[in-house]
Amino acid sequence: MERLLPRIQSPSDVRALPESDLPRLCEELREDIISLCGRVGGHLGASLGVVELVVSLHRVFHSPQDAIVFDVGHQAYAHKLLTGRRERMGTLRQAGGLSPFLDPRESPHDALAAGHASTAVSAALGILEGKHLRGQPGHVVAFVGDGALTGGLTFEGLNNTGGTHLPLVVVVNDNQMSISANVGAIPALLRTRQARAFFEALGFTYLGPVEGHDLGALTRAFHEARASTRPVVVHALTQKGRGFPPAEADTQTRGHAMGPYEWRDGKLVRSRGGQRTFSEAFAAVLEETMARDSRVVAVTPAMLEGSALVGLKQRYPERVFDVGIAEPHAVTFCAGLAASGLRPVCAIYSTFLQRAYDQVIHDVCLPGLPVVFAVDRAGLVGADGATHQGTYDVASLRPVPGLTLMAPVTGEDLEGMLSTALALPGPSLLRFPRGTLPTLPPELHAGPGPVRGARWLKRGQEARVSFITLGPLGMAALEAAASEPDWSVLDARFVSPLDEAAVLEAAACGRVVVVEEGTTHGGLGSAVLELLAANRVNARVTLMGMPDAFVPHGDARVQRAELGLDAAGLRRAAQALLAEEALS
């Protein structure tokens, strides 16, 4: 039998299909999604769970005139397949390929780009208001997961929408999961009779609960929603990972984000790296610390798995808090914990900490509370791309008074840095990348106890060039300088406060390469330049870091090489400084 999916180039083709063909279309979509994620990895579970929802949406609403705003995009692979991108799906998350999330530059059917949760309702209401003010036709749908209902921004949007009385359609994909099982009162409320009263109290017409894999029931509900003249919620009950037995059996994440896999002898085989990651190393140090000090607690905004805290949660269920997709709340909750005499460690991704910038400054730093921020995924993150790159944490937080900011080179640095942070009377931040741990040469092993100031990874004899580095890129600089007896490498360790004496000593040679995996605008390089200017030091300085642009998805190792952040690139930068001076 000829497959249907290759003939689907746009949502109008979905509307043209006989109703009897829709179940087969859904089956083919699942087959393509499973095959795709087997080849390139990706957000499998959420996309499998919404196949019937997406088909029904495109059956009833007329994208792109009717704007469909997906929350995050984890659940949008079927949408991509139905909107003319099937031939390119093999490039998903690859350099130069399709976006890991949604991107209006990629397709007019992507109403808004978003990689962070809980934004859909607010954005959809803005689009709908814009249509009304400009006299443009079309409906607007906000497609949210119940995980988005753990985030405050969703409630700000719902509150505003209910007061406007505009006919925004909010589809709640209720699978009881974020990345892992949802937390809090609202997701639990959805599976009770109170769900209707809850949404109606906010000013919405409530349709549901609807069986989220029943095409007929979904289509009827969406027709009713499209005809509404006031805000409406369609509440659909779905199963994350539906149609893929390994995901269905995975009670923790339902196959949320899987790397490439294959079937062998009837079993799922996933490629796994054997090296320990920074996340795992930090979690192990945190666990040892919690065993010694009962005041230490851990907080994460829906990132137990990503931050390697699942085992810690099992060991200390009352001292590890998953607060849901609610980064501002996580930070201010930590402020309250610290004010009560505890020592909270907030495990959070760099890109998600951006969402709580005001809370970091106003609720933690201004009162000087001893909160430790363990900032994961700092720097390049690879396939998740521009929305998830850990680019701005150093530059945005370096100016904040009283915040100590440091970065380890290897996992061995974590114990000393965490003990240093916990000994401070005020707030502190440790940033570390996504990826496996580099191996430090034996002679440079970190000793026990608190960390103080910068350290020399290599002191050149009558140095002609000094690298000043932050984090694991110190290893690349060490490799670049290995064969040059007069090249030095200083691991700054601290960005704030900067070890001024060590940096001035490094700059005394007159040629400095500053290396960091973050934006050079306002980061370590800026701190070094400010110090040199304040001390009237005349030195040639090259700043190496992430560019003044949003870095797209791709292989992080390749991107480092392209940006000159590998050993070869740093060696070229140092040689260019020497050549420049020779010509002057």
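Modeller: Before we start, contact here means heavy atoms within 4.5 Å.

Biologist: Good to know! Which residues is Leu-29 in contact with, beyond its neighbours within four places in sequence?

Modeller: Leu-29 is in contact with Leu-5, Val-51, Val-55, Ala-78, Leu-81 and Leu-82. A caution: this is a predicted model, where local features need pLDDT of at least 70 and side-chain atom pairs count only at pLDDT 80 or more, while totals for chains, interfaces and linings use all residues. Residues are numbered from 1 along each chain as its sequence is written, and side-chain values use heavy atoms, with hydrogens and water left out.

Biologist: Thanks. Which residues touch the most other members of the largest nonpolar core?

Modeller: Leu-25, Leu-29, Ile-33, Val-55, Leu-82 and Phe-222 do, out of 51 residues. Such a core is a set of buried Ala, Val, Leu, Ile, Met, Phe, Trp, Tyr and Cys residues joined through side-chain atoms within 4.5 Å; buried means under 20% relative accessible area, exposed over 50%, partly exposed in between (1.4 Å probe, protein chains only).

Biologist: Changing topic, how many salt bridges does a search of the whole structure find?

Modeller: The search finds 31, each a side-chain nitrogen of Lys or Arg within 4 Å of a carboxyl oxygen of Asp or Glu.

Biologist: What does Arg-85 meet in a salt bridge?

Modeller: Arg-85 meets Glu-106, at 2.7 Å from N to O. Arg-85 is buried at 4% relative accessible area, whereas Glu-106 is partly exposed at 22%.

Biologist: And which residue forms a salt bridge with Arg-455?

Modeller: That's Asp-413, with the closest N and O atoms 2.8 Å apart. Arg-455 is buried at 12%, and Asp-413 is buried at 3%.
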